[in-house]
Amino acid sequence: MFQKYINSRCGIVRGLSFLVLLVILWSYFYDSAITEAVLASALRQSTPLALGALCGLMGERSGVINIGIEGQMLLSAFVGFLVSVWTGNLLFAVLTGVATGAVIGLLLAFMSVSLRIDQILGGTVINILGFGLTGYFYQVGLNTKGKLQSISLGPLQDIPLLGPVLFNNPPITYLTLVLVLVVHYVLFHTHWGLRTRAVGEHPRAVDTLGINVFLMRYTNVVLGGAIAGLAGSFLTLEAVGSFERGMTNGRGFVALAVMIFGKWTPIGSWGAALLFGLAIALQTQLQFGGQTIPHQFIGMLPYLLTVVVLAGFVGRARPPAAVGTPYTKE
Amino acid sequence: MTQQPLLELHGITKRFGDALASDHIDFNLYPGEIHVLLGENGAGKSTLMNIIYGLSTPDAGNIILKGNSVKIKQPRDAIGYGINMVHQHFMLIPVFTVAENIMLGHETRWGFSLDKKKASQEIQQLSQDYGLEVEMDALVENLPVGLQQRVEIMKALYRETKILILDEPTAVLTPREVEDLFRVMRNLTEKGISIILITHKLKEVMTIADRITVMRAGRVVGTTSPSKSSEEELAVMMVGRKVVLQIRKKPLQAKDVLLDVKEFTVSDDQQMEVLHQVSFQVRAGEIFGIAGVQGNGQTELALALAGLLPFNRGRVCLAGKVMPSLHPRVLMNHGWAHIPEDRQKHGLVLPYSVADNQILNTYHQPPFSSLLRRNKEVILVNSTRLIEQYDIRTSGPRNPVSELSGGNQQKVIISRELDRKICCLLANQPTRGLDVGSIEYIHQQIVRLRDQGVAVLLISSELDEIISLSDTIAVMYCGKIAASAPSDHWTKEQLGLMMAGYSPPPKSLTWGNRKLL
């Protein structure tokens with residue numbers, strides 16, 4: 001019974017990937033320049049989603065729901081941007097963005113692990129804080145001295161289709177690919193990962209084995225926050241180069257859908273992020289193209305995908321058993 | 001025994017608020033012995049073990065390990081001293097494999113990575129040394145409880161245990177699995193491991209113990225051994241008064257059939273058919289016991305009969321009337337009472353007061369409510385009467401039921417269900433996890449109802465309970481009633497084998513759904 005549904009689920013995912021691949025190849029032969037542009041855009045659009053999903057899954061695997069990713073991203077984007085304006089040092093700006101994410105992660109961990117506040121409320125607090133603070137301190141007319149530029153990886157860039165899409169990107173996009181692999185390795189091949197997953201499933205069992213549940217949760221939420229901070233930095237320092245009010249535009253929430261679609265695994269989430277990224281890139285491209293469909297409808301594409309994915313897959317994917325429940329020692 | 005004790009406790013005292021959970025407890029454990037810690041729920045056994053295991057710290061007293069005074073502040077310290085505990089509710093991660101569960105917190109590493117291969121080899125070696133066979137790569141959630149417990153024991157062995165604490169290990173096991181466990185325990189003690197066994201089951205104590213320490217109300221009542229004591233004596237030590245272990249009831253005077261279930265077929269929430277055309281009849285004044293290992297359809301049978309799970313096919317007659325549909329309130333109006341298996345999930349609303357829980361099924365009727373209003377006075381008066389009549393230990397009717405002990409929670413349910421005029425009682429695992437005193441009380445109540453002419457359907461995985469209470473015993477296996485017969489036609493061994501699906505029933509019985517009476 002259980003086996004059957006696993007198989008059928010794998011079938012769906014494989015079928016979907018195959019279909020997407022076919023469409024990409026077909027369109028590549030049809031018009032290579034646009035295809036490359038759309039795919040490159042898809043990868044860039046998927047970056048904040050993949051990072052957000054990594055943040056979410058690190059929290060949830062250790063038992064803490066993080067719906068404050070949106071706020072974390074927004075604040076980090078803002079702080080990173082301000083630092084870039086003041087110092088002009090992009091590397092330093094990215095690092096402060098990351099640190100901001102980590103600090104807010106610490107706040108979330110404090111609320112949900114130590115104070116045992118309802119985790120949804122804790123995340124909401126962070127979202128409101130993010131929108132409020134950035135909206136209040138935002139000043140029109142600030143400009144940076146530039147944004148992170150693409151680095152091309154020499155000869156690899158000349159591979160048709162793959163080259164321009166994969167090997168000519170700015171640093172945070174590369175870093176995301178590395179992070180996906182690193183988080184996957186840590187989660188499934190190290191003792192730290194084993195303990196993290198155990199804490200998310202059955203914290204009392206872990207406690208009785210002499211492992212510090214609180215420390216595990218704090219560390220994971222803070223590290224996740226740092227990754228969300230990187231996503232925020234990506235938005236202001238790599239993608240756009242400036243800050244706007246509410247510029248995260250729901251990416252923090254879509255990242256959660258991505259995480260669920262990816263079954264709480266880094267690689268699965270990355271695949272899901274690519275799919276969403278593709279939807280966003282297509283939407284932009286389609287708005288340039290024909291006038292037959294009103295652009296409002298095309299703009300719905302990514303969100304429609306979110307609804308379909310969540311409605312179709314949430315029931316089947318299994319979240320960590322202890323997610324959302326604060327741990328109390330007896 | 002003249003050798004030095006492995007573990008000594010001196011004057012261990014622990015307070016929770018005003019209550020003394022442990023009151024100057026002295027206890028010692030010799031190498032290679034099985035020392036049973038016997039006591040009712042709330043006697044302080046678990047508190048004491050949590051202190052040894054570092055889950056709580058004593059307010060006063062010393063722990064002496066091999067002659068040296070030690071401080072155990074957290075489980076990590078205890079594990080470091082070779083003390084391990086198998087908890088009553090298993091501390092296993094269901095979605096992890098056996099190997100992952102065993103090595104969690106004690107991982108074999110290779111650089112940053114887990115060395116899964118080496119860990120598997122080590123565990124394999126252990127399982128050979130101690131004769132504990134488990135499949136390394138199976139997910140724990142797919143294992144039967146007996147094997148899960150084995151994984152717990154291997155977890156302890158993997159940490160090189162010297163002292164193994166087993167907290168109520170037999171509560172969830174079948175008779176055969178219990179035998180297995182006892183064999184394993186003997187095996188362990190032969191290899192020099194000392195075992196502290198926590199239990200309140202007297203029969204087991206007599207079989208397995210080397211020494212017995214009895215606790216009551218946070219104090220040690222005495223230490224003895226099976227050869228110097230008897231079940232009755234231990235029960236008196238445990239409860240503090242004489243306990244009736246043998247149930248006395250009048251001879252069966254079964255009359256009309258009150259509950260008639262015909263070809264009842266039920267699917268579980270995953271649409272798997274778990275109950276196949278089950279038929280049986282329960283008469284007035286009869287206790288019909290259904291024995292069986294957990295997970296053979298009893299849970300679904302009870303839920304479906306109580307109207308909490310839809311049934312596919314079949315027919316249920318209550319007091320001669322065919323029930324058009326099974327809806328809890330319709331059933332209740334026809335004189336149906338239900339003591340659910342999971343009292344906290346299906347029996348009570350935990351945050352509600354005792355008084356409100358006692359009117360959960362009659363709150364809409366006078367005198368408890370009039371038109372739109374609840375009559376709080378009447379509800380409180382009713383509750384005060386029931387608390388007195390059913391001897392429920394609580395600080396008052398307004399006390400949330402979540403603050404009561406398991407036995408008293410069960411009494412709240414019983415006071416609610418039995419305080420009406422009823423014709424049929426479904427009691428599913430009515431004494432699970434309760435202490436001897438409460439069990440005795442609940443058994444008396446069930447027998448009282450039977451003698452008053454109520455049809456009682458008793459479902460239990462406790463074989464002793466089924467045998468001592470039932471007039472007729474049926475065995476459920478794989479969603480069917482494998483056999484049913486008057487209780488004196490059965491021997492305990494036959495029942496045990498039937499429950500495990502092993503042997504055909506004795507000659508005097510019939511197969512399938514036909515009932516022999």
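## Strand pairing in chain B

Two strands are taken to pair if DSSP finds at least two bridges between them. In this predicted model, strand E15 (residues 287–291) and strand E23 (residues 472–477) of chain B are joined by four bridges and pair in the parallel sense.

Strands of a sheet pair through backbone hydrogen bonds, in either a parallel or an antiparallel sense.

E15 and E23 belong to an open sheet of six strands in chain B, whose order is E18-E21-E22-E15-E23-E24 and whose pairing is mixed. Strand E18 (336–339) and strand E24 (480–486) of chain B form the edges, each pairing on one side only. From one strand to the next, the twist averages 15°.

Helix H9 (residues 298–305) of chain B lies across E15, strand E21 (424–428), strand E22 (455–459) and E23 of chain B. The direction of H9 is at about 145° to E21(B). Helix H15 (residues 436–451) of chain B also packs on the sheet, where H15 touches E15, E21 and E22 of chain B. The direction of H15 makes about 150° with that of E22(B).

## Domains of chain B

Chain B is divided into domain 1, covering 7–239, and domain 2, covering 257–499. The C-alpha centres of these two domains of chain B are 33 Å apart. Their contact takes eleven residues from domain 1 of chain B and twelve residues from domain 2 of chain B.

On the side of domain 1 of chain B that touches domain 2 of chain B, helix H6 (175–190) and helix H8 (231–239) of chain B each supply at least two residues. H8(B) provides the largest share of that side, with three residues. By class, this side of domain 1 of chain B comprises five nonpolar, four polar and two charged residues.

## Contact between chains A and B

The contact between the chains takes 16 residues from chain A and 22 residues from chain B. On the side of chain B that touches chain A, helix H2 (75–80) and strand E8 (113–114) of chain B each supply at least two residues. H2(B) gives the most to this side, contributing three residues. The residues of the side of chain B that touches chain A divide into 13 nonpolar, five polar and four charged.

Terms used:
Residues are numbered from 1 along each chain as its sequence is written. Chains are lettered from A and ligands numbered from 1 in the order in which they are written. This is a predicted model: local features need pLDDT of at least 70, side-chain atom pairs count only at pLDDT 80 or more; totals for chains, interfaces and linings use all residues. Two residues are in contact if their C-beta atoms, placed from the backbone, lie within 7 Å. Ala, Val, Leu, Ile, Met, Phe, Trp, Tyr, Cys and Pro count as nonpolar, Asp, Glu, Lys and Arg as charged, and the others, Gly among them, as polar. Axes are lines fitted to C-alpha atoms, for helices over the stretch in contact, and angles run from 0 to 180 degrees between N-to-C directions. Domain bounds come from an automatic or database domain assignment.
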